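Here is a briefing on the structure shown below. Read it alongside the sequence and the 3D view.

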Amino acid sequence: MGDHTTSKIAVRGCNIGLMRGGTGRPLLILHGGGGAGGWMPYMADLAARHEVIVPEHPGYGASDTPDWLDTVADLASFYLDFLNQLDLTDVDLVGFSIGGWIAAELAVRNTHRLASLTLVAAAGIHVPDVEQVDTFLLTDEQLVRAMFHDEGRADAIVERLKDPELEDIGLKNRTTTAKLAWQPRGYDPHLHKWLHRIDVPTLLIWGESDRVFPKDYAFAYQRLIPRSRAVIIPDCGHVPHVEQRQTFVATLEGFLEGMRVAA
Amino acid sequence: MKIFNFHLMPYRHADLDAIERNGSAWVTYSNRDYDPEKGAGLYHEYLDQMEFADRLGFDGVCLNEHHQTAYGMMPIPGVLAGALARSVKRAKLAILGRAIPLLNNPLMVAEEYAMLDNLTRGRFIAGLVRGIGAEYHAMGINPAQSQERFAEAHEMIVRAWTVPGPFQYVGKHYHFNYVNTWPRPYQTPHPPIWIPSQGSGSTIRWAAQMRYTYCQTLSPIALVARFFQMYRDEAEKSGYQATPDQLAWSNTIYVAETDQKAMREARPHLEALVNRFLKMPTEMLLPPGYSNIDSIKRIRAAKVTGKPQTIEELVKSGVVIVGSPNTVREKLAEYQDLAGFNTSLTKTQFGTLPDDMTRANMVAIAEEILPHFRNRLPQGKQQAAAE
């Protein structure tokens, strides 16, 4: 699965898990509500050309749940501290789902350390009259299946849900996701007012049949972020990096390369 | 023992098959199925039953709060308590309770309860709860903030009742420049606070520490006994001995001439309550963050079977008492001694039970049960526990 290291670091007193692998420009991944998981195949793909950095958010997995953690805005500020502490510059920031929301909130506040922003099936804004599944009324299995265009592809993950060792982590992740996203459901009503501040090239990657944050969200983000472009991947649900990994990686690499050629 | 008439006020005309198809009578069961003519009739039928309970000699009448469900038609219990505050002449009036974390301004509960305490000239009992998980889906309140919002709202309400205003309250969730509740409560220092719960260890500990009456909701009597023992143990750790008056058991009682007749009559209505009105998916009952992870795992494990419950099972495990007057007297005494409570919060109407049967049940309880328990205290257990 490629070389990577797993460690723990403390950022202003909060211990979080951290995976790192590959060499090149730093590519920071902010995971979605399901947690960081392990070193996934798409991370290994990206590590061929980038230094891939995958922190586990406070409140998720093996990371601490600090007293200060209440909102996505808290995590955005936390990751600004994180970027300072690791002294990362020229960062390609990639956020998935709720991690995309964190990334957008971060970029609205400060893009000084960013080279680009990529939002994948991101939460954070509200688009009226778009039907979305209520993930909090789904069983764990239904939730996993709702992530995919082809539900059959979820079988392996559903099988892993039966591992009792993962139950605690799963409940911890769900609890933090509820804390961050229950109300308003998956968005900050004020974020859309400030997305114009994002002044780095921005890519929006969405699955054509995403039922959690349908592709209307990609188009809404595209209208709100000045230098943004949306790519919709066919036969793909809420997790393009899993369901259409090759297309996802090629799309992201193409964007990052094209951006640097243009610069 | 004190015996209260506890009403859930179900929409008993609900289409049970529609509830079954929807998977629950809560949150997603469409209010298209609510018929205002029938509903209005039920409100009056149920309020009449509460007034009847007062005349029959029940020690109190109880209301509660649930949202967006056919299980109970009391999203704002204060409306009904207001209606009863003048017509219930003698019995205590209890709301068990208002779900304070659901409110963005819980100071209004301090006001509402103080008004009811004045209206009843001190016959009011102030129940405070977190609300069940479904409420957090229904009302758009974050379940992961439920415990801290409860703690903060409770603290603010009690201070509003006991500290002369105006004063400032600054919390994490609630912020007020002026807390100065008019009216003040009628009772000193404030109406008795009762805490209903499904048996959360942290709630039991806290209620014992605060010396609040703890009310155990619908559970097998062996479990009730264990929770009440936890309460007495926690009281001892806090340096005092809990009295049976601090423990209330929420149950259902149905009395008829014979055991057989009672079982036959109660069956469809009781089974409708537990298998239709009360049923909901685990995800609805236990939204993430509502309970700590250990509690969620325990409740998930306990719910695995999910098969319908029969009246026989409910009677056998002592969730309910159904039978002839003699059977009911024996069981109630046995359970009182086993668990050590001195208040019975008794549903005399349950599920789809119609008015005539409810009233016959109430009369039977008033005539055959109440007089035998008026001065009865739990025997044996407390002394043993205290030793």
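Residues are numbered from 1 along each chain as its sequence is written, chains are lettered from A and ligands numbered from 1 in the order in which they are written, and side-chain values use heavy atoms, with hydrogens and water left out.

**Confidence**

- Where pLDDT is low, predicted coordinates should not be read in detail.

**Interface of chains A and B**

- On the chain B side, 19 residues are in contact with 16 residues of chain A.
- About 1600 Å² is buried between the two chains. Buried area is the accessible area (1.4 Å probe) that two parts lose on being put together, summed over both.
- Carbon and sulfur atoms give 61% of that area.
- The rule finds 2 salt bridges across the interface of chain B and chain A. A salt bridge needs a side-chain nitrogen of Lys or Arg within 4 Å of a carboxyl oxygen of Asp or Glu.
- Lys172(B) and Asp70(A) form a salt bridge through their side chains, at 2.7 Å from N to O.
- Helix 5 (133–139), helix 10 (282–285) and helix 11 (293–302) of chain B each give two or more residues to the side that touches chain A. Helices (H or I, at least four residues) and strands (E, at least two) are DSSP runs, numbered from the N terminus.
- Helix 11 of chain B gives the largest share of that side, 4 residues.

**Around Lys179(A)**

- Lys179(A) is in helix 6 of chain A.
- Leaving out residues up to four places away in sequence, Lys179(A) touches Thr65(A), Leu69(A), Asp70(A), Asn142(B) and Ala144(B).
- Lys179(A) and Leu69(A) are 110 residues apart in sequence, yet 8.6 Å apart from C-alpha to C-alpha.

**Salt bridges overall**

- The count over all chains comes to 36 salt bridges.
- One of them joins Glu20(B) and Lys279(B), with the closest N and O atoms 3.9 Å apart.
- That pair links distant parts of the chain, 259 residues apart: Glu20(B) is in helix 1 (residues 16–22), and Lys279(B) is in the loop between helix 9 (259–277) and helix 10 of chain B.

**Backbone features**

- In chain A, strand 1 (residues 5–11) and strand 2 (residues 14–21) pair in the antiparallel sense over 7 bridges. Strands pair if DSSP finds at least two bridges between them.
- Arg12(A), in the hairpin of these strands, takes a positive phi near 45°.
- The peptide bond from Gln183(A) to Pro184(A) is cis, with omega near -10°.
- Another cis peptide bond joins Thr188(B) and Pro189(B), with omega about -5°.

Definitions and conventions
This is a predicted model: local features need pLDDT of at least 70, side-chain atom pairs count only at pLDDT 80 or more; totals for chains, interfaces and linings use all residues. Contact means heavy atoms within 4.5 Å.
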